[in-house]
Amino acid sequence: MKKEIIKITDLSFSYKSEVILHEVSLTVKEGDFLGLIGPNGSGKTTLLKIILGLLQPTSGRAELMTKKIGYVAQKAGFNAIGFPITVEEVISMAGGSQEEIERVLELTNIASKKKRLLNELSGGQQQRVFIARALLHNPELLILDEPTVGIDSQSQNNFYKLLKKLNQENGLTLILVSHELDVVAKEVSSVACINKNLIYHGQPQELLETDLIEKLYGKNQRLIAHHH
Amino acid sequence: MLEIFQYSFMIRALIAGLIVAAIAPLIGNFLLIRRFSMVADTLSHIALAGVAIGLLTHTQPILVTTILTTVIAILIEKIRSNQKIAGDTVLAMFLPGGLAVSVILISIANGFNSNLFSYLFGSISTVTSAEIWPMLILGLVTISTVILLYKKLLFSSFDEEGARLSGINVRLISYILMTLTAITVSLAMRVVGILLIGALMVIPSVTAMQVAKSFRQSFFYAILFAVLAVLVGLFGAFYLDLPAGAAIVIVSLGIFGVVSVKNSV
């Protein structure tokens with residue numbers, strides 16, 4: 001039986017008088033590739049911060065069974081735009097030996113760009129660099145917050161291929177936070193939809209039923225598939 | 001031997017200038033990457049209050065200034081990291097605050113005197129042997145700390161949240177950086193003067209950004225440009241009878257202009 005990596009039980013979070021999350025229960029197991037999706041303001045980033053220990057829940061529990069976590073923020077390295085910093089320097093700032101740095105560069109297919117400046121790379125390539133850095137200390141769990149925002153569709157395809165490889169070949173547990181329901185549903189092995197409450201947790205195919213999407217995004221919404 | 005080297009006060013000026021040229025861009029690079037370079041200007045206005053207290057109480061101004069700017073630098077970081085007030089707003093509060101305290105202290109002391117004026121605009125040629133040693137020690141402490149904590153300083157400046165999640169004590173690292181900034185401001189005020197410190201901490205780093213091909217290389221270029229500015233500025237000041245602090249800043253801006261033009265061609 002697969003080991004549990006995250007166990008969230010009856011978790012609620014309120015900010016001042018506003019309820020952000022209400023009694024969410026969710027389990028993530030080793031080897032899962034979970035898409036955590038919901039519209040803007042649904043509480044998904046708050047849930048992520050609680051999982052990462054950056055916020056405390058108002059009630060309920062979030063148990064993390066591993067300390068080996070890699071995290072890729074939506075705007076990782078935002079501060080440094082325009083500053084001369086190489087791919088290798090971005091990765092090595094997290095520590096690690098030269099051998100370990102080479103390993104993650106190979107794993108994420110950016111070894112040939114290690115001497116290039118970060119701001120010379122495309123958005124998709126920059127995300128690979130941040131994933132490489134997150135993989136440096138062999139995490140059991142990798143969390144990515146809206147990683148494909150502002151990235152062109154070809155790069156998105158390559159990006160999801162990399163995530164699938166990490167999940168299937170390296171056994172890495174992945175949580176991908178996104179508001180792009182259609183894209184994510186195609187790529188992940190399970191989906192958790194939240195909009196204050198947990199609306200759905202299961203196989204992505206079942207989610208494509210209209211009433212679930214209505215619950216999530218409101219009435220008169222329909223899914224438009226992206227073709228890459 | 002050149003005439004400039006025949007005067008012991010100019011030798012001391014060169015040593016003091018080179019110490020500051022080595023450490024100001026070292027700190028400036030991290031402040032730039034954090035988009036927090038205005039903290040140097042804010043602390044320089046706090047330093048003015050420190051100098052005024054030192055002159056009023058007849059204690060060594062550089063000592064009072066180092067303590068005062070360090071305390072305020074840590075307070076600024078504490079308020080900024082609580083994230084209830086934006087970083088630039090915190091600076092906008094402390095800058096006039098430092099100036100206001102200085103003006104009151106100066107008025108108590110019955111106005112400006114030439115001593116205070118030398119701190120405002122720098123008076124590198126009057127640096128004494130007794131001042132060189134603390135400058136050298138504090139300079140070495142700053143350089144050693146940056147070398148020792150290089151990766152942690154870089155990670156927390158580049159991606160604060162990512163650094164925190166990777167187990168780095170980001171708050172402690174930020175306090176250390178602010179303390180180093182305060183020390184640098186206190187040391188630099190004798191060289192370029194309180195009103196021009198920000199320039200020496202920022203201009204060489206911004207110039208280096210235009211030519212460097214890595215973050216490490218940006219330190220090399222920033223220090224090179226700062227050393228060049230100090231040397232040319234001091235020689236210019238000596239032979240053309242100009243105020244040294246202002247000459248150093250003008251040369252620094254000149255290097256920026258030349259590099260920018262060369263880069264755009």
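Predicted model: local features only at pLDDT ≥ 70, side-chain atom pairs only at ≥ 80, totals over all residues.
1. Chain A holds an open sheet of three strands. The order is β2-β1-β4, and the pairing is antiparallel. β2 (18-29) and β4 (59-64) of chain A are the edge strands, each pairing on one side only. On average, neighbouring strands of this sheet are turned by 15° against each other, direction ignored.

2. The β1-β2 pairing. In chain A, β1 (residues 4-15) runs antiparallel to β2(A), with eight bridges between them. One bridge can be checked by eye: Glu4(A) has Lys29(A) in β2(A) as its partner.

3. The helix on the sheet. Helix α1 of chain A spans residues 44-51. It lies across β1, β2 and β4 of chain A. Its direction is at about 120° to β1(A).

4. Extent of the interface. Chain A and chain B bury about 2,100 Å² between them. Carbon and sulfur atoms account for 66% of that area. Chain A brings 26 residues to the contact, and chain B brings 21 residues.

5. Polar links across the interface. There are four residue pairs in polar contact between chain A and chain B, both residues at pLDDT 80 or more. The salt bridge count between the two chains is one. It joins Arg133(A) to Asp159(B), with the closest N and O atoms 2.6 Å apart.

6. The chain A side. α2 (87-92) and α4 (123-135) of chain A each supply at least two residues to the side that touches chain B. α2(A) gives the most, with three residues. By class, this side of chain A has 17 nonpolar, six polar and three charged residues.

Terms used
Residues numbered from 1 in each chain as written. Chains lettered and ligands numbered in written order. Heavy atoms only, no water. Pairing = 2+ DSSP bridges. Helix = DSSP H or I, 4+ residues; strand = E, 2+ residues; numbered from the N terminus. Axes fitted to C-alpha atoms, helices over the stretch in contact; angles between N-to-C directions. Contact = heavy atoms within 4.5 Å. Buried area = accessible area lost by both parts, 1.4 Å probe. Salt bridge = Lys/Arg side-chain N within 4 Å of Asp/Glu carboxyl O. Polar contact = N/O pair within 3.5 Å; in protein donor to acceptor, adjacent residues only side chain to side chain. Nonpolar A, V, L, I, M, F, W, Y, C, P; charged D, E, K, R; others polar.
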